[in-house]
Amino acid sequence: METLDSLMLGFSVALRPDVLWYGFLGCLVGTLVGVLPGIGPLSGISILLPVTFGLDATKAIVMLAGIYYGSQYGGSTTSILMRIPGEASSVMTCIDGYAMARKGRAGAALCIAAVGSWIAGTFGVVVLTAIAPPLAAFALRFGPPEYTALLVLGLIFLAYMSSTSLPRTLLMAAIGLLLGTIGIDNLTGHFRYSFDIAELGDGIGIVPVAVGLFGLGEILSTPSATVVGEVMAPKLRELLPNREEWRQSAWPIARGSVLGFLIGLTPGSAHIISSFLSYAVERKLARHPEEFGKGAVAGVAGPESANNSASTGAFVPMLALGLPTGPVTAVLMAALIVHGVQPGPQLVNEHPDVFWGFVASMYVGNVLLLLLNLPLVGLFVNVLRIPYSYLYPLVIMFCVIGVYTVNNSIVDVWIMLIMGVLGYFLRKLGLDPAPLVLGLVISPTFELSLRQSLIMSNGYWTIFFTRPIALALFFIAAVLLSLSLFALIRRRADWRTKLAQAEAGEAAQ
Amino acid sequence: MTPRADHIAGSAAIAAALAVLAVSGDLPFGTLAFPGAGMMPKLICALMILLGATLMARGGASAPFSDIGWSDLPHAVRVLAITAAAVALYTTLGFIVTMSLMLFALIALEGRNLVAAAVYSVGICLFTYWLFTVVLKSPLEQGILGF
């Protein structure tokens with residue numbers, strides 16, 4: 001009952017015309033970001049982050065979150081119509097979505113993707129509404145040892161869930177942790193690795209690193225000659241799926257929603273992993289698996305639902321625990337902190353209007369996206385007709401503006417360039433940059449909680465094993481680490497290896 | 001032995017960790033009861049060396065380094081050089097001049113019509129400047145020319 005009352009408070013905030021406007025703007029920009037290849041939600045959010053400085057925290061987070069889940073909707077459009085994933089999480093939709101389009105069912109595929117995304121997104125918000133407040137209340141019991149244990153578990157979970165190998169993921173996370181130590185040490189005041197560059201005293205920001213690794217890195221490795229594609233534009237009347245297609249999509253949407261939300265709670269590229277796993281599950285459960293790759297409805301409905309549900313699930317640890325599960329939620333957290341709102345267990349009590357306004361805005365945003373994506377598909381298709389050679393310089397310009405405007409610092413832009421080069425080489429070596437960003441984000445909290453724990457216990461590291469919550473978290477981490485090491489030593493092809501092979505196979509096609 | 005992707009990645013990680021350790025000399029490690037500013041970076045460097053060595057030891061399973069395609073390297077170098085030049089001039093010449101030149105150079109290098117590239121570059125930059133400065137109230141860099 002209390003939750004419902006709070007949700008009503010949220011709706012009273014989310015339905016205010018000014019908040020609604022920024023929510024709509026976020027959804028529109030997010031859809032465009034999702035549609036355009038080469039620019040992801042992270043770049044979109046980073047570019048518009050400085051624009052939100054003049055807004056209050058609620059409007060800012062509503063708009064930026066709209067970009068995030070809007071991009072998950074928009075990503076399906078290019079996948080279905082051009083076989084180019086606008087988003088990494090839409091890779092699986094390319095296969096059967098494009099095959100459906102080739103069979104003249106592009107409109108139906110777009111409609112199923114949009115409706116599936118809406119159902120999954122709304123399901124995710126309902127579960128978030130139910131579990132985030134009690135989780136936040138539980139997290140109030142956390143002290144430095146529990147936070148240390150939780151962050152270790154997060155890193156191990158990231159490595160376990162990763163489709164690349166354990167050492168590769170942990171290595172990337174370690175580089176991120178190391179980058180996070182640059183700047184003034186909070187406990188002793190030492191300058192670390194700042195090399196007399198004043199701007200480095202505050203450390204390396206998330207935005208230049210994330211935009212460089214993901215935005216610029218992607219552009220550097222994508223020559224315009226490689227981006228070609230024929231755009232199929234469905235007419236409005238062709239958008240409605242037939243009864244059989246609705247029937248075939250119902251269970252995949254339901255399964256994708258649940259699977260996506262659960263994976264969304266875990267650290268890493270959850271929205272990408274969820275769509276791959278959903279596709280694998282649907283193929284496994286299908287009566288006619290041979291139809292997959294040739295236009296199976298379940299191959300569109302499942303992954304599209306899963307990636308949207310995962311993007312909502314990722315908000316649970318961010319809002320309730322103050323822990324980002326990936327680069328996008330890290331930047332969203334940074335946006336809240338810029339506005340004086342600290343995400344975490346206290347958020348729901350200290351800023352109920354922000355918390356519940358944000359949650360309610362996601363219900364509204366999902367409806368807005370459904371209304372935006374279907375009737376305006378023709379408009380978004382026209383955006384795809386802009387040649388890539390005109391588009392990528394524009395993206396670079398927005399990357400520069402976005403990074404520079406956060407702190408008015410040209411050093412940040414140089415960091416972005418360096419990270420772009422690093423991102424290019426990481427791609428060449430098959431290393432995933434996402435754990436690096438996550439490591440960078442959690443590094444200050446991890447170091448502080450670890451050192452505080454040791455100071456609290458006068459140097460006895462057993463403090464981590466004498467407190468029940470910390471012990472339980474370390475136990476889970478140990479189990480996951482053992483499972484990963486077992487697969488590593490035995491060189492056994494488990495589900496993650498198969499997932500990596502599937503990803504590599506799809507990327508190569 | 002054929003060098004493979006993981007051999008290169010692992011050795012680069014070890015080299016980076018050793019370089020960081022080399023410049024960390026003045027950072028105190030401290031004690032367990034009061035950890036110093038150097039404890040965390042040094043522990044992470046040790047972890048990086050361990051993980052880098054593991055990656056190298058298991059490198060046989062990764063793709064041969066010679067199989068990695070570098071056909072996009074000229075594009076990457078061109079884009080990077082032009083962007084770096086623009087960044088170097090950004091605070092001096094301001095947003096409109098620098099970004100117009102950057103867009104024009106990038107599009108011209110793709111072999112597009114020069115007049116169209118010039119019109120597109122200037123038009124986009126003027127629109128963006130107006131959008132950020134007037135509509136979004138988030139002023140962009142002006143430079144010595146005052147715009």
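Trainee: What makes helix H4 and helix H16 of chain A a packed pair in this predicted model?

Mentor: Helix H4 (residues 57-82) and helix H16 (residues 352-373) of chain A have axes 9 Å apart and pack at an angle of about 40°. As for handedness, H4(A) passes H16(A) in a right-handed crossing.

Trainee: Which residues of H4(A) and H16(A) meet?

Mentor: Contact here asks for C-beta atoms within 7 Å. On the H4(A) side, the residues that meet H16(A) include A:Ile61, A:Ala65, A:Tyr69 and A:Tyr73. Among their counterparts in H16(A) are A:Val354, A:Phe358, A:Met362 and A:Leu369. By class, this contact has ten nonpolar, seven polar and one charged residues. Gly is classed as polar, and A:Gly66, A:Gly70, A:Gly357 and A:Gly365 are among the residues taking part.

Trainee: Which residues is A:Leu64 in contact with, beyond its neighbours within four places in sequence?

Mentor: They are A:Gly26, A:Ile45, A:Leu48, A:Thr52, A:Leu332 and A:Ala335.

Trainee: How far apart are the centres of the two domains of chain B?

Mentor: Taken over C-alpha atoms, the centres of domain 1 and domain 2 of chain B are separated by 39 Å.

Trainee: And how many residues does each chain bring to the contact between chain A and chain B?

Mentor: Chain B brings 47 residues and chain A brings 49. On the chain B side, helices H1 (5-22), H2 (39-57), H3 (73-109) and H4 (114-135) each supply at least two residues. H3(B) gives the most, with 14 residues. The side of chain B that touches chain A divides into 35 nonpolar, eight polar and four charged residues.

Trainee: Why is A:Gly430 called partly exposed?

Mentor: A residue needs 20 or more C-beta neighbours within 10 Å to be buried, and 12 or fewer to be exposed. A:Gly430 has 17 inside 10 Å, so A:Gly430 counts as partly exposed. A:Gly430 sits in the loop between helix H19 (410-428) and helix H20 (434-456) of chain A.

Conventions. Residues numbered from 1 in each chain as written. Chains lettered and ligands numbered in written order. Predicted model: local features only at pLDDT ≥ 70, side-chain atom pairs only at ≥ 80, totals over all residues. Axes fitted to C-alpha atoms, helices over the stretch in contact; angles between N-to-C directions. Helix = DSSP H or I, 4+ residues; strand = E, 2+ residues; numbered from the N terminus. Left-handed = near helix turned anticlockwise from the far one by under 90°. Contact = placed C-beta atoms within 7 Å. Domains from an automatic or database assignment.
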